[in-house]
Amino acid sequence: MSKITYWQRLKVAFQYAMPQIYLTQFAGWFAQQKWSKITHLAIQAFAKKYNINMGEAEKENFSDYATFNEFFIRKLKPNARPINQNNDAMCLPADGRISQCGHIDDDLLLQAKGHSFSLKELLAGDEELADLFKNGEFATTYLSPRDYHRVHMPCDGTIRKMIYVPGELFSVNPFLNTHIPNLLARNERVICLFDTKFGPMIQILVGATITASISTTWAGVINPPRHNEIKTWNYDAEQITLLKGQEMGVFQLGSTVINLFPKDAVQLADYLQVDTITRVGELLAYKK
């Protein structure tokens with residue numbers, strides 16, 4: 001913190017002071033409004049600001065979207081994101097950029113230079129679950145406003161547990177990720193545990209300011225409404241299996257995806273490092 005400017009300090013302070021939930025609720029309301037030409041002009045301005053490639057979207061015309069929400073969660077054309085076909089490889093779950101990736105040091109994951117957070121905190125205090133991933137590997141993918149907001153499966157997986165964790169709604173942009181301790185373990189999130197051929201895998205959808213909604217393909221919208229307590233869904237008696245590359249969740253505006261893998265289960269692809277651009281379906285890791 002001592003090396004950042006006065007204005008950067010204010011930016012961090014504002015994150016603590018601002019009414020996160022009210023801003024997020026307003027963003028959710030705004031994104032649902034059908035204002036015809038006004039909506040279309042606003043979408044066009046947004047797409048221009050963030051240099052969004054509409055040529056890869058199923059619906060290329062701004063007028064095809066009745067609301068901002070429809071635009072935020074736009075689908076892509078078939079085969080716009082080819083899926084890695086190596087049976088011994090996992091593929092990237094989201095468009096965005098790598099925030100951090102690498103080895104889990106016992107119970108600690110790197111958030112940013114100078115900041116780590118614990119598996120136990122990230123997994124809502126579930127020690128048994130945290131023990132599965134100690135000394136394993138992780139990858140954190142940041143989705144910016146310009147990115148495709150649907151999240152996909154890195155490999156075939158059967159859902160075993162889903163946990164909704166209430167929390168803060170700090171922005172997760174790279175600057176704040178560097179300057180707010182434990183940010184990813186403090187924010188609202190949905191934790192999904194899968195059985196896979198690589199062993200257990202967790203995929204976490206992390207909320208943020210103006211991320212109005214998180215949903216999964218098997219359970220629908222998880223929030224809103226936002227709950228004040230941890231909620232857990234167990235799927236041991238069900239057989240809900242998603243295939244590699246298949247959609248598993250949606251952000252209404254971007255945020256962050258965290259993947260966790262057990263010790264000696266996978267080797268992350270060598271090219272992945274901080275700020276690597278990611279695309280759904282490209283190589284994430286090999287089976288060890």
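Predicted model: local features only at pLDDT ≥ 70, side-chain atom pairs only at ≥ 80, totals over all residues.
Hi everyone. Residues are numbered from 1 along each chain as its sequence is written, and side-chain values use heavy atoms, with hydrogens and water left out.

Let's start with strand β8, residues 189-196. Strands here are DSSP runs of E, at least two residues, numbered from the N terminus. Seven of the eight residues of β8 are buried, so the strand is largely enclosed by the rest of the structure. Buried means under 20% relative accessible area, with a 1.4 Å probe and protein chains only.

Which strands pair with β8? Pairing requires at least two DSSP bridges between two strands. Strand β7, residues 157-165, pairs with β8 in the antiparallel sense over seven bridges, and V165 stands opposite R189. Strand β9, residues 199-206, is also antiparallel to β8, over eight bridges; there, L193 has I202 as its bridge partner. Two residues separate β8 and β9, which form a hairpin.

Now to D95, in the loop between β1 (89-91) and β2 (96-103). Is D95 buried or exposed? D95 is buried, with a relative accessible area of 2%. Its side chain makes a polar contact of 2.7 Å with the side chain of R81; that term means a pair of N or O atoms within 3.5 Å, and within protein one must be able to donate a hydrogen and the other to accept it, with residues adjacent in sequence counting only if both atoms are side-chain atoms. A polar atom of the D95 side chain also lies 2.9 Å from the backbone nitrogen of V280. Thanks, everyone!

Conventions
Buried < 20%, exposed > 50% of the residue type's maximum accessible area, 1.4 Å probe, protein only. Helix = DSSP H or I, 4+ residues; strand = E, 2+ residues; numbered from the N terminus.
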